[in-house]
Amino acid sequence: MGSLSSLPDADKRDIVVLEGVTKRFPGIVANDSIDLSIRPGEVHVLLGENGAGKSTLIGMLSGVLQPDEGRILVDGKLTQITSPRHALALGIGTVFQHMMLVPALTVAENLLLGGPWWQRPRTEELEARVAEITRSLGITVKLHAKVSELSLGEQQQVEILRAMVRNSRLLILDESTSMLTPKGIDELGTLMRRLVEQGLAIVFITHKLKEAAAFGDRISVLKLGRKVGEIPSERFRALGEQEIISEIVELMFGKQKDDPEAVECPIRTICVEAAPLLQVADLAVAPTDNAPGLSSISFDIRPGEILGIAGIDGNGQKQLAEALAGQRVATGGSVRLEGTAIEMLSVGERRQRGLRYLTDDRLGEGTVATFPVSINFFLKQVGAAPFWRNGFEQRAEIDKRAAQLVREYDVRTPSLKTPVGRLSGGNIQKVLLARELAEGAKVVIFNKPTYGLDLANTLASRQRIRDTAARGLAILLISTDLEELLSMCDRIAVIANGALVGTVENVDDVRTKVGRLMIGLAA
Amino acid sequence: MSIDTPTVNATALDPTSAGAARRDILHRLLMTLGPILAALVIAGCILLAVGVDPLAYYGYVLEKGLFSPLGIQQTLTRMAPLLFLAAGLIVAFRAGTWNLGGDGQFLLGAVTAAASAPVFVQLMPAWLALIGSFLIAAVVAMIWSLVPALLRAYQGVNEIITTLMMTFLGTSLANVLVKLVFRDPGTTVPQTRTLPVEDRLPRLFDTTITSGLLLGLAAIIIVHLVMTRTAFGLKLRIVGANPRAAIHAGLGVPGLTIAVFAISAGLAGLAGAVDIIGVQGNVRADWNPAYGLAVIPAVFLARMNGFAAIGFVFLLSVLSIGGESAARRLGVPNHFTLVLVSIVLIVLALAEYVDHRYNQSRKA
């Protein structure tokens, strides 16, 4: 791949150019040597899944974060964007994912915020300026309405207007469509078109392919912190929408030649006649405000088998894992472990019977960051012998077993007392692996087990999962990384909008089949 | 300020950490005592500014609160209810629950104890009567905490607001009970019937110190051990430190939340009972010593550690007993004790912040 994009030639027309920009966070490379050029009169779409590094990139452009390596050129001059205020002064305005307006104030008051404190707000001047801008864009904004009375789409227009009032030349829209109705999305599309016609540059961040194809002039695809490809505007204009989408799918899910993670899937022999360890039939979960529900999920996993769940993030993967583990109430369907129904059992009882869930949210729910490593090994067994007797902690037993697990799973920690939050992401993952795989596991659900890990830890985690399957356990592997699924799974099911849209054996042309299923085409 | 002290001491993997642990303790000691000294100096400057000799003030505080035989006995007696309240707060704070309704729970416990004890002593042996009154006080306080507990556990309503509101209602209700229901017909002042001195909790040896002090010490030590050494305590701490991890680990978070409220409020009710049955003998109308709020800083300074809390409660007792006397003699308002305690808190918070920044910059 990579042949599609040539390095951005430092065109004089470019407002902002990023060259080899890298940003690291503890345990994660959020942006890995990214090149990007942003031109006036273009909607530049940044496409990528959650965790691909879009927000980090925006953070650096808007002055919230500083790059660790690489250069940022503004108008061809090397510039350090030191603060959001500085970014604004350079003409870079950002509309963040979450609304940043004061709901109790009027639109006009919101627009006047941030002026010098010693001056009286210049309301008349503002009104004239707003009238001028809105006329040219063909929108109406109620200046004297309270922000809390506006719809989300109107609030977004106010945010864009605010950037315009401040003379922005580059407008960054971060996941701006995520809160909008379909009509609101169309209106935003029209507005963006008018803005670029006036010579503005727009960076539009999204993870939805359709919007990228519909609104963009140029698309850069990010994947796990790296820019994996770009569709330049000349090419963009030449292609139809379907062709663009399939090209993006190729960029997002396609195989990369120099991918060191690619490992040929080792042939495991799975006894086809063996009774399935985990049987799920018609599992359903009600949708909530911010998460899709699940409907009629059915699958079986046999001993030694790895079933992959592929899909774009946020299509019900987490809900599926939580419903199986017992953390989320299922509204219907059955879950059987070794033939016994477990759907009515609690989290603890399911674990007792050998169902383990390795969460993707390692610090958020997997561990208690301030607690020592030793205790985090036993978070799901509090009160159980031999680590507690008659309710009293047996320190010696806990430490003995914890030291054993530390050795066995190669957890690099200064001591057993170290708060687990101080460890690197890879080592926290090892603590979780040790906790879930140790004694008595029969079925293990892995949710994004290598998310945010460096290469060495990624490979180690994958090997650990393969070994687990080889021991005869049934594995459900949920991942948004298609390469990972291809290199590990026996079968891959695709989830979209909370339903399994197809299951394919992991042979030959599975990559394209899964890719097509993921974007809603028949395999 | 809410640093969770890692209380679990695992055997170190490397030998150097024994020295590190000792340095850690020394560092913590320095970080606690240093700011307290600094606060005393700052408070001294305030005293100077209002024309009072700080040395004389501190001298009177120490003399009355610590060194005079009568004063130290008063100080130790005052500790009894404070220790129970501190024990209740330790449970709540370690479990991440902000029970700020201690005063209402304390007063309702006090009033029910004051109402029930004189009746009980006529019906049964004194020791049984006292135990009965303690139990009733605890149960009434627990019931009073049920509204915030249920709202928190099942609706996620912020307990800071609800417990504070319930404390206003609780103090008023306690007053109403004294004036209308449990009023002693034999006196003109509105107050409950007085428990005869011989039926109160015995005094220690030949002093005026109440044996409630021993009960308070037992309560706070038991709470400390339960929170740090038992499975139940660990479950509460998990809920406090990371509720989502608690759900993930399969803990019954609503049930545990209600248990936290019940224990915390129950201990506050016992604090009221121990003050009445041990010291006061009755509750006068409009009596509200507001111990509940005064104890909060002490528990914080102790970082929710039971043994450290005993020390800080002692300090608070010395300050409040000695402060009352020093205030009388030097014409400083009685509330200067509170000013002193709050300066200590602010300086401690600042020290913590500076220490944190220093650690950050050393790491970077």
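Predicted model: local features only at pLDDT ≥ 70, side-chain atom pairs only at ≥ 80, totals over all residues.
In H12 of chain B, the buried residues are B:Tyr291, B:Gly292, B:Ala294, B:Val295, B:Ala298, B:Val299 and B:Leu301.

Is B:Pro297 buried, exposed or in between? B:Pro297 counts as partly exposed, because 18 other C-beta atoms lie within 10 Å, whereas a buried residue would need 20 or more. Setting aside residues up to four places away in sequence, B:Pro297 touches B:Val341 and B:Leu345. B:Val341 is 44 residues from B:Pro297 along the chain, and their C-alpha atoms are separated by 7.6 Å. After H12 of chain B comes B:Arg303, with a positive phi near 50 degrees.

I turn next to the contact between the two chains. Here, 25 residues of chain B are in contact with 30 residues of chain A. On the chain B side, the elements giving two or more residues are helix H9 (231-241) and helix H10 (243-248). H9 of chain B provides the largest share of that side, six residues. By residue class, the chain B side divides into 13 nonpolar, seven polar and five charged residues.

Now to chain A. Its domain assignment gives domain 1, comprising 16-100 + 168-253, and domain 2, comprising 278-518. The centres of these two domains of chain A, taken over C-alpha atoms, are separated by 33 Å.

One sheet of chain A deserves a description. Four strands of chain A form an open sheet with antiparallel pairing, in the order E12-E11-E14-E15. Which strands of chain A are the edge strands? They are strand E12 (294-301) and strand E15 (340-341) of chain A, each of which pairs on one side only. Helix H10 of chain A, residues 317-325, packs on this sheet and touches E11, E12 and E14 of chain A. The direction of that helix makes about 65 degrees with the direction of E12 of chain A. Within the sheet, strand E11 (residues 278-285) and strand E14 (residues 332-337) of chain A run antiparallel and are joined by five bridges. A:Ala281 stands opposite A:Ser334 in E14 of chain A.

I close with some backbone details in chain A. A:Asp75 is a residue other than glycine with a positive phi, near 55 degrees. The loop that holds A:Asp75 lies between strand E4 (69-74) and strand E5 (77-78) of chain A. A:Asp75 counts as partly exposed because it has 13 C-beta neighbours inside 10 Å. A:Asn497, also not a glycine, has a positive phi of about 50 degrees. Its loop is the one between strand E21 (491-496) and strand E22 (499-505) of chain A. With 16 other C-beta atoms within 10 Å, A:Asn497 is partly exposed.

A:Ala385 and A:Pro386 are joined by a cis peptide bond, with omega about 0 degrees. Where does A:Pro386 lie? A:Pro386 is in the loop between helix H13 (373-376) and strand E17 (388-389) of chain A.

Key
Residues numbered from 1 in each chain as written. Chains lettered and ligands numbered in written order. Contact = placed C-beta atoms within 7 Å. Nonpolar A, V, L, I, M, F, W, Y, C, P; charged D, E, K, R; others polar. Domains from an automatic or database assignment. Buried ≥ 20, exposed ≤ 12 C-beta atoms within 10 Å, placed from the backbone. Pairing = 2+ DSSP bridges. Axes fitted to C-alpha atoms, helices over the stretch in contact; angles between N-to-C directions.
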